[in-house]
Amino acid sequence: DLLRCSKAELITSGTATLETALLNIPEVVCYRSSKISYEIGKRVVKNIKYISLVNLIMDKKIVTELIQNELNTNNLVKELNLILGENRLEILDNYHLLREKLGGKGASDFAAEIILKG
């Protein structure tokens, strides 16, 4: 319920990024792990440009991903201001394309329902 009331989200990677997009809420994806876990992950998972489901599905940057050292207060403030301001409409337009790619309104509503039920 809280997510549905939001104007924007700072969110961790995972299904929450897709849920947020399907609810039409601009987001910044935030992810930080231990340095060793991150380095191992980079070597195991190769040729993947993004970590958020939104960007992975669209195969382009729709939402900003702040990963590891990029995740800091200055970048969070900057990106939050962008998604509340000048980037908001572009993100919402791209969310529309995402829903179409997932099969249109009915499919998106169905997927959002499944995600919300957990």
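Predicted model: local features only at pLDDT ≥ 70, side-chain atom pairs only at ≥ 80, totals over all residues.
Buried residues (under 20% relative accessible area, with a 1.4 Å probe and protein chains only) make up 36% of the 118 residues in the chain. Residues are numbered from 1 along each chain as its sequence is written, and side-chain values use heavy atoms, leaving out hydrogens and water.

**Overall build**

- The chain has six helices and three strands, where helices (H or I, at least four residues) and strands (E, at least two) are DSSP runs numbered from the N terminus.
- Read from the N terminus on, the order of the elements is β-α-β-α-α-β-α-α-α.
- Along the principal axes, the C-alpha atoms of the chain fill a box of roughly 40 × 30 × 25 Å.
- A contact means heavy atoms within 4.5 Å. Among contacts between residues at least 6 apart in sequence, 58% join residues at least 24 apart.

**Surface and charge**

- The accessible surface of the chain comes to about 7500 Å², and 55% of this belongs to carbon and sulfur atoms. Accessible areas come from the Shrake-Rupley method with a 1.4 Å probe, and for residues only the protein chains shown count as cover.
- There are 16 positive and 15 negative side chains in the chain, and the centres of the two sets lie 5 Å apart.
- In this count Lys and Arg are positive and Asp and Glu negative, with His and the chain ends not counted. The place of a charge is taken as NZ of Lys, CZ of Arg, CG of Asp or CD of Glu.

**Salt bridges**

- The structure holds three salt bridges, each defined as a side-chain nitrogen of Lys or Arg within 4 Å of a carboxyl oxygen of Asp or Glu.
- R43 pairs with E39, and their closest N and O atoms are 2.9 Å apart. The two residues are four apart in helix α2 (residues 35-44), so about one helical turn separates them.
- R43 is exposed, at 55% relative accessible area, whereas E39 is partly exposed, at 24%.
- K49 and D59 meet in another salt bridge, at 3.4 Å from N to O. K49 lies in the loop between α2 and α3 (53-58) and D59 in the loop between α3 and β3 (64-67), so the pair ties together parts that are ten residues apart in sequence.
- K49 is exposed, with a relative accessible area of 58%, and D59 is partly exposed, at 48%.
- K78 forms a salt bridge with E79, with the closest N and O atoms 3.8 Å apart. E79 is buried, at a relative accessible area of 10%.

- Helix α1 (residues 15-22) is largely enclosed by the rest of the structure, because six of its eight residues are buried.
- The buried residues in α1 are T17, L18, E19, T20, A21 and L22.
- N24 follows α1 and has a positive phi, near 65°.
- I114, found in helix α6 (residues 104-117), is partly exposed, at 47% relative accessibility.
- I114 and E19 are 95 residues apart in sequence, and their C-alpha atoms are 9.6 Å apart in space.

Terms used. Buried < 20%, exposed > 50% of the residue type's maximum accessible area, 1.4 Å probe, protein only.
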